[in-house]
Amino acid sequence: MTPREVLALCREKNVKAVDLRFIDLPGTWQHFTIPVDKLVEDVFEDGLGFDGSSIRGWQAINESDMLVVPQPETAALDPFTALPTLSMICNIQDPITRDDYSRDPRNIARKSANYLKSTGIGDTCYMGPELEFFIFDDIRFDQTPNSSFYFIDSVAGQWNRGSEEHPNLGHKLRYKEGYFPVPPADQMMDIRNEMMQTLIDSGISVEAQHHEVATAGQSEIDMKFDTLVRMADKVMMYKYIVKNAARKNGKTVTFMPKPLFGDNGSGMHTHASIWKGGEPLFAGNGYAGLSKMALYAAGGLIKHAAAILAFSCPTTNSYKRLVPGYEAPVNLAYSQRNRSASIRIPMYSSSPKAKRLEFRCPDPSCNPYLSFSAILMAMIDGIQNKIDPGEPLDKDIYDLAPEELAKVPKAPGSLEESLAALAKDHEFLLRGDVFASDVIETWIDYKMKTEVQPMKLRPHPYEFCMYYDV
């Protein structure tokens with residue numbers, strides 16, 4: 001869509017407001033809104049000014065002026081606003097130099113896609129993330145100097161089997177048995193259908209929707225794969241639509257990886273492949289139908305996995321999902337069927353176009369622009385340096401002898417460990433100026449100061465269960 005086509009769409013749909021959106025460094029959409037008559041063709045070139053000093057991980061107060069530059073190809077009608085509103089995703093620029101801003105995550109993603117082209121390896125990276133989330137009926141939480149709690153409720157949660165609901169109609173999904181019985185056990189079908197249709201109406205191709213493994217409304221809606229930047233754009237729209245559709249129905253959605261104890265967490269398995277000239281490059285005659293290039297790409301992912309997880313599993317809560325001994329993909333290995341391996345090669349189709357790597361560590365709390373970019377940069381490094389991924393992990397890990405299992409490297413056990421890995425291993429991210437050094441430094445500093453260290457300072461409620469009577 002061109003700027004003129006955007007303006008024509010505004011007239012055709014009687015749009016009254018234009019919402020300009022961009023993403024902060026941690027991964028939350030930010031926005032401001034202008035009257036539709038303020039959107040003229042020059043805005044697509046000149047941008048609009050705003051204060052960048054209040055955006056997390058961005059500018060200092062003495063260099064706060066920045067520009068948002070709307071991208072016409074991202075234009076979409078907002079399905080939730082009362083006033084007819086068109087939304088557009090924006091790139092961020094310096095108002096003096098007009099350089100793209102180094103800490104704008106969308107700029108980083110664009111640079112990673114361009115770097116792939118510059119290497120000659122391929123011209124397109126496709127990403128296909130599978131976002132999981134919970135639909136709850138009620139959420140309360142607080143932290144004070146002398147108290148800390150959270151309380152989650154869901155009419156579909158197993159813990160409500162004995163609740164007086166006047167009437168309690170039963171059909172509460174048991175823990176780890178949500179994948180995937182029909183209604184009435186699946187009480188979220190109608191709301192997921194609404195979410196699915198809203199995504200489709202917003203121009204996002206959907207492949208399927210279903211209940212996930214956990215009780216209490218864990219869900220998944222799968223989008224069709226797309227190019228790296230456009231897929232990251234779609235992830236942000238996906239989160240916006242899913243959250244607002246839930247709120248419209250009196251419910252709440254969280255993409256927090258591990259909100260419930262004793263049941264499955266929410267991941268964002270990410271399918272990735274590289275193409276050139278319209279042809280897939282990951283199909284071949286090797287293991288699981290992979291090409292040597294794909295195996296080298298897997299080698300890059302395994303080598304750099306700990307650093308990648310600083311972006312792909314970027315919260316302290318992420319590592320309550322990535323725990324050894326459960327179904328979590330903590331084993332840094334590849335396999336054609338073993339879902340406990342961090343890299344799985346899907347075998348649903350024999351078509352070369354379907355051949356891809358499924359990196360299973362990421363979760364939906366991530367900033368998709370940064371996560372996808374780190375994954376691509378690791379694959380490129382693996383291909384360029386012909387990194388051997390080792391032998392596949394096709395055995396049942398629960399049947400492995402302890403000494404054999406000990407040889408399989410594991411994902412980091414905490415955000416602090418991942419950040420430490422990123423501090424040591426980030427040269428592969430700097431190539432092509434994709435992740436500038438100040439981005440890496442800012443990310444580590446921000447995460448340590450605002451997430452890791454604050455968590456260390458606060459007593460955990462379960463510590464009282466264990467230690468109050470010492």
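In which loop does Pro 184 lie? Select Pro 184: this residue lies in the loop between S9 and H4. Helices (H or I, at least four residues) and strands (E, at least two) are DSSP runs, numbered from the N terminus. A cis peptide bond joins Pro 183 and Pro 184, with omega about 10°. Now select Phe 180, in the loop between strand S9 (147–153) and helix H4 (189–201). The peptide bond from Tyr 179 to Phe 180 is also cis, with omega near -20°.

Before going on, note that this is a predicted model, in which local features need pLDDT of at least 70, side-chain atom pairs count only at pLDDT 80 or more, and totals for chains, interfaces and linings use all residues. Residues are numbered from 1 along each chain as its sequence is written, and side-chain values use heavy atoms, with hydrogens and water left out.

**Stop: aromatic rings**

The structure holds 18 aromatic pairs. Rings of Phe, Tyr and Trp (its six-membered ring) pair if their centres lie within 6.5 Å; planes under 30 degrees apart count as stacked, over 60 as edge-to-face and the rest as tilted. Select Phe 50 and Trp 58, a tilted pair with 6.4 Å centre to centre and 55° between the planes. Phe 50 is buried, at a relative accessible area of 12%, and Trp 58 is buried at 5%. Here buried means under 20% relative accessible area, exposed over 50%, and partly exposed in between (1.4 Å probe, protein chains only).

Next, select Tyr 126 and Trp 275. Their ring centres are 5.3 Å apart and their planes are at 80°, so the pair is edge-to-face. The pair links distant parts of the chain: Tyr 126 is in strand S7 (residues 124–136) and Trp 275 in strand S14 (residues 268–276), 149 residues apart. Tyr 126 is partly exposed, with a relative accessible area of 21%, whereas Trp 275 counts as buried at 10%.

To see a cluster linked by ring pairs, select Phe 22, Phe 32, Phe 50, Trp 58 and Tyr 101.

**Stop: charges over rings**

A charge sits over a ring if NZ of Lys or CZ of Arg is within 6 Å of the ring centre and within 35 degrees of the ring normal. Select Arg 21 with Tyr 240: the arginine lies over the face of the ring, 4.2 Å from the ring centre. Then select Lys 224 with Phe 225, where the distance to the ring centre is 5.9 Å.

**Stop: the nonpolar cores**

A nonpolar core is a set of buried Ala, Val, Leu, Ile, Met, Phe, Trp, Tyr and Cys residues joined through side-chain atoms within 4.5 Å. Which residues touch the most other members of the largest nonpolar core? Select Leu 39, Met 195, Leu 357, Met 379 and Phe 435; the core has 119 residues. Apart from this core lies another, of six residues, among them Phe 136, Ala 214, Ala 216 and Leu 260. In soluble globular proteins, nonpolar side chains tend to be buried together.

**Stop: helix H7**

Select residues 368–384, which form helix H7. The expected span of a helix is 1.5 Å times one less than its number of residues. For the 17 residues of H7 this gives 24 Å, and the end C-alpha atoms are 24 Å apart, which agrees. Of these residues, 16 are buried. At the N-terminal end, Asn 367 caps H7: a side-chain oxygen lies 3.1 Å from the backbone nitrogen of Tyr 369. Just after H7, Lys 386 takes a positive phi of about 45°, although this residue is not a glycine. Lys 386 is exposed, with a relative accessible area of 58%.

**Stop: Arg 106**

Is Arg 106 buried or exposed? Select this residue in helix H3: Arg 106 is buried, with a relative accessible area of 3%. The side chain of Arg 106 makes a polar contact with the side chain of Asn 91, at 2.8 Å. A polar contact is a pair of N or O atoms within 3.5 Å; within protein, one must be able to donate a hydrogen and the other to accept it, and residues adjacent in sequence count only if both atoms are side-chain atoms.

**Last stop: Ile 121**

Select Ile 121, in the loop between helix H3 (105–119) and S7. Ile 121 counts as buried, at 12% relative accessibility.
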